[in-house]
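Trainee: Could you walk me through this one slowly? I have the picture open and would like to ask things as we go.

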Amino acid sequence: MKKHLVVGFLIMYSWALFVEAAVAQKPDRTKPPKLGPPPTLKLPPLQRFTLSNGLPVLLIEKHQVPLVQITLLVRVGSAMDPPDRRGLASLTAAMMEEGAGERDALAFADAVDFLGATINVSAGMHTTTVSLFTPLSKLDSALALFADVIARPRFPAEELERKRIERLTTLQQWHDEPRIIASQLFNKVLFGEQHPYGVPTIGNEQALRAFTVQDLRSFYAAYFSPRNATLIVVGDVVPAVLRTKLEAELASWKGDAVPPPSLQPAPQVQARKLYVVDKPGAPQSVIRIGRIGAARTTPDYYAITVMNTILGGSFTSRLNNNLREEHSYTYGAGSRFTMLPLPGAFLAFSDVHTEVTDKALGEFMKELRAIASVTEEEVQRAKNYVALGYPSQFQSVGEIAGALAEVVLYNLPDDYFNSYTSRILAVTKKDVERVARTYIDPDRIVIVVVGDRKKIEQAIAPLQLGQIEYLTIEDVLGKPPVIEKP
């Protein structure tokens, strides 16, 4: 009994000490806690080798989970579409999934699903990727299917007809999508219809109706070569074993080097102009504002990243705080720079209530002018935001492989990812203000508004935002395609 009393007393005494310490260490909730140092990103070393057919391979070993991501990056995309064949790269990529080797589309899809793997082909503006994600235990079988897609796509005529109807249906549906209308018009007036960045990547009705299987095969043959591609591998593999497997499946894939395309940057906007697209009955106005931005290889990349985080790249950015939190004009507002081999677009955007369209435009202009001046606190907060979130972008093998595609396309150094955070943290207030003045000019921008003209016209005219051009949806997208029933 005495022993139990002593133990009970010790427990009660310990609890009293714990409560006293907890009270004494009550957190100060009058201000946010101080942030610790940003976590460092340390990816495993990047390994390189070349297959016998000339295909370069980049490998990062990641052995924590028995999974493998393999991505073939081919240097061809929508920017290489012939002017009279817009959409050819995108359609070729989509058709490469519709059967390969000895399997038709259905048999191929069943074979991939049976392995618990995924194989996808997609075309961007400058690259096409063929991606394989597979459990390590199924790598051999999955790699054989992956090689069939790369080296032996079938391009069946019946699947082409199905894809053609799908895309014509998409063009038809765009007429009811204000955001799509705004984006298509923004790109068209910013880059021009002769520039690849200014036209839809899926093509237009005329081109889609004209495509033949031979068009796809010719495009594939012209660009899909081991000497115009790089293979990226991330996962639970080692170089010697991986090389043997890749040689067994891909060594027979041959091809010559492909000369890089000759593409020129679009000219910069020289004056402010407002385009209004009438969407009768629209409850919101879709706003898109911007100009030509910067290429991905610009030395200003890190400073632009920090500057845009302050302007519209985070939930606490100036644009979102102004239009959403202070004025309740919208559920969200933001901005971004699309950085490509050629200068892409700087874009500020939001969907706002129709009745406040004019007021929202005024606030956009105010923030675009004000971003030329920032505070040290804003810069530090933006740098911390970017730096703290960066390592989370490398949690899966797919995310790492996607990031490595950037290294390949832009010839970035092997230590790029591990040094990214330190480069962001080195950006200064002076750097931010300099790039804001360089890349954001409110007097030389394109403004696109898609909304109910009757409700917004009288309110926006007095803003004097420049010449106003009023358009219909068909002025932007053309007439909706008429799709014949099979």
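Trainee: Which residues are buried in H11?

Mentor: In H11, the buried residues are Arg 318, Leu 319, Asn 320, Asn 322 and Leu 323, where buried means under 20% relative accessible area, exposed means over 50%, and partly exposed is in between, using a 1.4 Å probe and protein chains only. Keep in mind that this is a predicted model, in which local features need pLDDT of at least 70 and side-chain atom pairs count only at pLDDT 80 or more, while totals for chains, interfaces and linings use all residues. Residues are numbered from 1 along each chain as its sequence is written, and side-chain values use heavy atoms, with hydrogens and water left out.

Trainee: What do the buried residues of H11 pack against?

Mentor: They pack against helix H10 (301-311), strand S9 (330-339), strand S10 (343-353), H12 and helix H13 (376-389). The helices (H or I, at least four residues) and strands (E, at least two) are DSSP runs, numbered from the N terminus, and contact means heavy atoms within 4.5 Å.

Trainee: How do the axes of H11 and H12 cross?

Mentor: The axes of helix H11 (residues 318-326) and helix H12 (residues 357-370) come within 10 Å and cross at roughly 155°. Axes here are lines fitted to C-alpha atoms, for helices over the stretch in contact, and angles run from 0 to 180 degrees between N-to-C directions. H11 and H12 are therefore roughly antiparallel to each other, since angles over 145 degrees count as roughly antiparallel, under 35 as roughly parallel, 65 to 115 as roughly perpendicular and the rest as oblique.

Trainee: And which residues meet there, between H11 and H12?

Mentor: From H11 come Arg 318, Leu 319, Asn 322 and Leu 323, and they meet Ala 360, Glu 363, Phe 364, Lys 366, Glu 367 and Ala 370 in H12. The residues of this contact divide into five nonpolar, one polar and four charged, where Ala, Val, Leu, Ile, Met, Phe, Trp, Tyr, Cys and Pro count as nonpolar, Asp, Glu, Lys and Arg as charged, and the others, Gly among them, as polar.

Trainee: What comes after H11?

Mentor: H11 is followed by Ser 328, and the phi of Ser 328 is positive, near 55°.

Trainee: Where is Ser 225, and what is it in contact with?

Mentor: Ser 225 sits in the loop between helix H8 (213-223) and strand S6 (229-235), and Ser 225 is buried, with a relative accessible area of 3%. Neighbours within four places in sequence aside, Ser 225 is in contact with Trp 253, Gly 255 and Asp 256.

Trainee: Last one: how many helices and strands are in the protein chain?

Mentor: The protein chain has 18 helices and 12 strands, and buried residues make up 50% of its 486 residues.
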